[in-house]
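Thanks for coming, everyone. Please have a look at the model on the screen, and then I'll walk you through it.

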Amino acid sequence: MRSGSIVLVGAGNMGGAMLSGWLRNGIPGASITVLDPSPSEVMAQLIEEGGARHFTAPPERLLAEVIFLAVKPQAMATVLPPLKRIVSAETVVVSVAAGTTLSFLESHLGEAAMVRAMPNTPAMIGRGVTGAFANPKVTDVQKAQVDALLKVSGPVEWVGKEHDIDAVTAVSGSGPAYVFYLVECMAEAGRKLGLPADLAMRLARETVSGAGELLHRSPEPASRLRQNVTSPGGTTAAALAVLMAEDGMQPLFDKALAEARRRAEELGS
């Protein structure tokens, strides 16, 4: 095993999204080592077809240039100890596990260049967004390298404090679930207005995905796009009067995201 490899630990949905993006963007499979005790059939096929190497545990003489930790927070204490021997002074460790602090990683791997990153599930189709924090040991070259590897899944936003990653987790890391639930709520409200349930779901789903694509393509801020749809005294204004009331969506989102951040902090402790 040669030095300079990318080691991906965990071949689940997020690990698979990263691997797929790397291969799609021209990173040679031969430079990627995947560590996972039991990858799915889909992942096993991706690893084989991409020319990456797969092991259930770190092999002898493997020296990692970049280690991506894409396992659940609850599994970290078991996964990390065997990895310590492949971490060198030139290695940068990147964790995408919610709530897993750099101090926790250091307690198992020793002091090293480390990055906490929080992608989200649209990374699976190259439309995610990732928040990231680098500790002082990360060099400019390493940061640029990690940035490039993360960007295969979408934009990367670097924050100045590790604590901010918990807020990023609350906003964008968990955010896709809020949008999916919005679709469920819109569809159910449509059903209660008398539409067939399947039609209400199709309307809600296409509306949210279409609005998201418009937001993606337009340079206008979300507030302007909202105003463009809202005619004074019209149907949209009537609905927004409820949603934007003092007891409407904003205080509910404030409470929900505060709870998500609290849970992220709890996982880290």
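The chain has 11 helices and eight strands. Helices here are DSSP runs of H or I with at least four residues, strands are E runs of at least two, and both are numbered from the N terminus. A word on the source: this is a predicted model, where local features need pLDDT of at least 70, side-chain atom pairs count only at pLDDT 80 or more, and totals for chains, interfaces and linings use all residues. Residues are numbered from 1 along each chain as its sequence is written, and side-chain values use heavy atoms, with hydrogens and water left out.

Overall numbers next. Along the principal axes, the C-alpha atoms fill a box of roughly 70 × 40 × 35 Å. The chain has 269 residues, and 38% of them count as buried. Buried means under 20% relative accessible area, exposed means over 50%, and partly exposed is in between, with a 1.4 Å probe and protein chains only. The accessible surface is about 14900 Å², and carbon and sulfur atoms hold 58% of that. Those areas come from the Shrake-Rupley method with a 1.4 Å probe; for residues, only the protein chains shown count as cover.

How much of the contact total comes from residues 24 or more positions apart? Among contacts with a separation of 6 or more, they account for 62%. Contact means heavy atoms within 4.5 Å.

Charges, briefly. There are 24 positive and 27 negative charges, and their mean positions are 1 Å apart. Lys and Arg count as positive, Asp and Glu as negative; His and the chain ends are not counted. Each charge is placed at NZ of Lys, CZ of Arg, CG of Asp or CD of Glu.

Now a helix pair. H6 covers residues 164-173, and H7 covers 175-192. They pack at an angle of about 30 degrees, and their axes are 5 Å apart. That makes H6 roughly parallel to H7, because angles under 35 degrees count as roughly parallel, over 145 as roughly antiparallel, 65 to 115 as roughly perpendicular and the rest as oblique. Axes are lines fitted to C-alpha atoms, for helices over the stretch in contact, and angles run from 0 to 180 degrees between N-to-C directions.

Which residues meet there? From H6, Ala170, Val171, Ser172 and Gly173; from H7, Gly175, Pro176 and Tyr178. The buried residues of H6 are Ile165, Asp166, Val168, Thr169, Ala170 and Ser172. They pack against strand E6 (113-118), strand E7 (130-134), H7 and helix H11 (249-268).

Stay with Tyr178, in helix H7. Its relative accessible area is 24%, so Tyr178 is partly exposed. Leaving out neighbours within four places in sequence, Tyr178 contacts Ala170, Val171, Phe253, Leu257 and Ala260. Tyr178 and Ala256 are 78 residues apart in sequence, yet 9.6 Å apart in space, C-alpha to C-alpha.

Over to Glu259, in helix H11. Glu259 is partly exposed, because its relative accessibility is 42%. From Glu259 to Gly12 is 247 residues in sequence and 26 Å in space, C-alpha to C-alpha.

Gly128 sits in the loop between E6 and E7. Is Gly128 buried or exposed? It is buried, with a relative accessible area of 6%. Not counting residues up to four places away in sequence, Gly128 touches Asn120, Pro122, Ala123, Ser153, Gly154 and Pro155.

Thr101 is in the loop between strand E5 (92-95) and helix H4 (102-109). Its relative accessibility is 18%, so Thr101 counts as buried. With residues up to four places away in sequence set aside, Thr101 touches Arg116, Glu162 and Gly268.

Last, Arg61, in the loop between strand E3 (53-55) and strand E4 (64-69). Arg61 counts as exposed, because its relative accessibility is 64%. What about its phi? Phi of Arg61 is near 65 degrees, a positive value in a residue other than glycine. Most residues other than glycine have a negative phi. Arg61 and Asp166 are 105 residues apart along the chain, with 35 Å between their C-alpha atoms.
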